[in-house]
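Me: Could you walk me through this structure, one question at a time?

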Amino acid sequence: MKIAVYSDSSEWNRYIKSCFRLCEEVIQPLEVDFFNSKHSIQKRLGVKPYDLILIYDSAGKMVSKGMFLDYLEGLWGEMVKSHARYSWRFGNQTVALKENEIYYISSFRKAVSVYTATGRYRISTSMKQEEERFFGKGFVRIHRSCLVNLEHVKEVEGIWIKLDDGRRLQASTRRKKKVAKAFGDYQQNVSKRLLNSANG
């Protein structure tokens, strides 16, 4: 969840940062940008999309941290229900990501994690469940313990898959032809969509 917070009150900023630290124990990923001038937030809003924008009016009241967490968890739940995000639980933490935020899902000794541009999140699931969940959605299983989002694949060369952020993953020898075909099909579909949208 990406949140922009604007306030010119340093006291309120300290308080709200402590509220977000509490939320980070439950909600992941949580990215919060703080602004103390109208110019800086206006400039950033034109560049970066946010899920929520909080503006503090100095005449307003501060809510308790518990109420703040309940509100943010409720908002998070609504965003997940709207199918804008895929969600997982691990312990008391919820991880919710948009499809394009997921680079790959990998397991090591039955511990499954989802990888994004900004980090790794441990999730309670199995590779089989995730393969079923993302079937037909532009994901390909490159080996027994890794499922890759083709949106982030830059190139496939033999058993090596290079992602758009520079990371390299290795496909199993058995699956390399299937991976290369899935990547080629994905690129063709993207090209067709771009051509169709350009033609109106």
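Here are some questions and answers about the chain and its side chains.

Me: Thanks! How many helices and strands are in the chain?
Reply: A quick note before we start: this is a predicted model. Along its principal axes, the C-alpha trace spans about 65 × 45 × 30 Å. As for secondary structure, the chain has 5 helices and 14 strands.

Me: What percentage of the residues in the chain is buried?
Reply: The chain has 200 residues. Buried here means under 20% relative accessible area. By that cut-off, the buried share is 39%.

Me: And how much accessible surface does the chain have?
Reply: Carbon and sulfur atoms account for 50% of the accessible surface. The total for the chain comes to about 12,200 Å².

Me: Let's turn to the rings. How many aromatic pairs does a search of the whole structure find?
Reply: A pair of aromatic rings is described by the distance of the centres and the angle of the planes. A search of the whole structure gives a count of 4.

Me: Is the pair of Y86 and F134 stacked, edge-to-face or tilted?
Reply: Planes under 30 degrees apart count as stacked and over 60 as edge-to-face, with the rest tilted. The ring centres of Y86 and F134 are 4.7 Å apart and their planes stand at 55°, so the pair is tilted.

Me: Which parts does that pair of Y86 and F134 tie together?
Reply: Y86 is buried at 17% relative accessibility, and F134 is buried at 1%. Y86 and F134 also belong to one aromatic cluster with F139. The two paired residues are 48 apart in sequence, so the pair ties strand β5 to the loop between α4 and β10.

Me: What is the angle between the planes of Y104 and Y115?
Reply: Both Y104 and Y115 are buried. Y104 lies in strand β7 and Y115 in strand β8, so their pair ties together parts that are 11 residues apart in sequence. The rings are stacked, 4.4 Å centre to centre, and the angle between their planes is 10°.

Me: Which ring does the charged end of R167 sit over?
Reply: A charge counts as sitting over a ring if CZ of Arg is within 6 Å of the ring centre and within 35 degrees of the ring normal. R168 lies over the face of W160, at 4.6 Å from the ring centre. For R167, the charged end is 5.0 Å from the centre of the ring of Y103.

Me: Is T116 buried or exposed? And which residues does T116 touch?
Reply: T116 lies in the loop between β8 and β9. Its relative accessible area is 4%, so T116 is buried. Not counting residues up to four places away in sequence, T116 touches L97, E101, Y103, Y121 and R167.

Me: One more: how far apart in space are G66 and C23, C-alpha to C-alpha?
Reply: G66 is found in helix α3, residues 65–81, and is partly exposed at 38% relative accessibility. G66 and C23 are 43 residues apart in sequence. In space, their C-alpha atoms are separated by 9.5 Å.

Conventions
Residues are numbered from 1 along each chain as its sequence is written. This is a predicted model: local features need pLDDT of at least 70, side-chain atom pairs count only at pLDDT 80 or more; totals for chains, interfaces and linings use all residues. Side-chain values use heavy atoms; hydrogens and water are left out. Rings of Phe, Tyr and Trp (its six-membered ring) pair if their centres lie within 6.5 Å; planes under 30 degrees apart count as stacked, over 60 as edge-to-face and the rest as tilted. Helices (H or I, at least four residues) and strands (E, at least two) are DSSP runs, numbered from the N terminus. Buried means under 20% relative accessible area, exposed over 50%, partly exposed in between (1.4 Å probe, protein chains only). Contact means heavy atoms within 4.5 Å. Accessible areas come from the Shrake-Rupley method with a 1.4 Å probe; for residues, only the protein chains shown count as cover.
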